[in-house]
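Please read the following briefing beside the sequence and the 3D view.

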Amino acid sequence: MTAPVVVLVGPPGAGKSTVGALLAERLGVGYRDTDADIVVTAGKPIAEIFIEDGEGHFRALEREAVRTALDTHPGVLSLGGGAIMDDGTRKLLTGLPVVFLDVELADAVKRVGLDAPRPLLAVNPRKQWRELMERRRPLYTEVARAVIATGDRPPAAVADAIVDALELRPAAEPARPAGREEQA
Ligand SMILES: Nc1ncnc2c1ncn2[C@@H]1O[C@H](COP(=O)(O)OP(=O)(O)OP(=O)(O)O)[C@@H](O)[C@H]1O
Ligand SMILES: O=C(O)C1=C[C@@H](O)[C@@H](O)[C@H](O)C1
Ligand SMILES: [Mg+2]
């Protein structure tokens, strides 16, 4: 198993894609998003999977997408906003460097407008988002090794905060051999 260096979780608009891509570039590793993997595997957009097959089927596809990505992707991995709702998916995350990108409703609205085709936010998105976060916040927190508030930080500062919280360094940066400082 080649586990990711960071797994990002958080609600829609938390910045998983934006921060994840930035962080991957900074660390010199690849970036992957399980939502994108599911679309490829299912051969149709997520909204269609929800409508035609239901949320339960989507969560099962998502669990398998997470399992595969955790086994094969050594870089930065973003999960779908609701992945932590599935018991099996949460179990897969045990012991991994999971970061919860936290965001308040007002900032999420500013960022994504809540008018994108998100199946679970289709009707009355503000109310849905608030209720969804009430249910999900304890689960995001449960799986997370670090919780990063993103409201008052631009994406680059969020990436910095993750690097600090998990004490990460670029993949290419060699570990300094012990005792070399004195020899220069
Ligand atoms: N820390 C931040 N400060 C300000 N704007 C941000 C921040 N993080 C992300 N954004 C902006 O918010 C929008 C949504 O970000 P992004 O798509 O990365 O969120 P996401 O968590 O991946 O959402 P989704 O769950 O829908 O995939 C983008 O326009 C992005 O530029
Ligand atoms: O919050 C959610 O439940 C979702 C978020 C998206 O990332 C997608 O995984 C899907 O639209 C479901
Ligand atoms: Mg995203």
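In this predicted model, V9 stands opposite F100 in strand 4, and strand 1 and strand 4 (residues 98–102) run parallel, joined by three bridges. Strands here are DSSP runs of E with at least two residues, helices are runs of H or I with at least four, and both are numbered from the N terminus; two strands pair if DSSP finds at least two bridges between them. Because the model is predicted, local features need pLDDT of at least 70 and side-chain atom pairs count only at pLDDT 80 or more, while totals for chains, interfaces and linings use all residues. Residues are numbered from 1 along each chain as its sequence is written, and chains are lettered from A and ligands numbered from 1 in the order in which they are written.

**Strand 1 and its other partner**
- Strand 1 also pairs with strand 3 (residues 76–78), again in the parallel sense and over three bridges, with V6 opposite V76.
- Within strand 1 (residues 6–9), V6 and L8 point one way and V7 and V9 the other, and all of them are buried, that is, 20 or more other C-beta atoms, placed from the backbone, lie within 10 Å of the residue's own.

**The chain as a whole**
- The chain has eight helices and five strands, which follow the order β-α-β-α-α-α-β-α-β-α-α-β-α from the N terminus on.
- Of its 184 residues, 34% count as buried.

**The surroundings of ligand 1**
- Ligand 1 is surrounded by 17 residues, of which G15, K16, S17, T18 and R111 are the closest; a residue belongs here if its C-beta atom, placed from the backbone, lies within 6 Å of the ligand.
- Helix 1 (16–27), helix 6 (105–112) and helix 8 (155–166) are the elements that give two or more residues to this shell, and the largest share, four residues, comes from helix 1.
- By class, the shell has seven nonpolar, seven polar and three charged residues, where Ala, Val, Leu, Ile, Met, Phe, Trp, Tyr, Cys and Pro count as nonpolar, Asp, Glu, Lys and Arg as charged, and the others, Gly among them, as polar.

**Helix 3 against helix 4**
- The axes of helix 3 (residues 46–53) and helix 4 (residues 55–72) come within 7 Å and cross at roughly 130 degrees.
- I49, F50 and D53 of helix 3 make the contact with E55, H57, F58 and L61 of helix 4, a contact meaning that C-beta atoms, placed from the backbone, lie within 7 Å.

Technical notes
A residue is buried if 20 or more other C-beta atoms lie within 10 Å of its own, exposed if 12 or fewer, and partly exposed in between; C-beta atoms are placed from the backbone. Axes are lines fitted to C-alpha atoms, for helices over the stretch in contact, and angles run from 0 to 180 degrees between N-to-C directions. Two residues are in contact if their C-beta atoms, placed from the backbone, lie within 7 Å.
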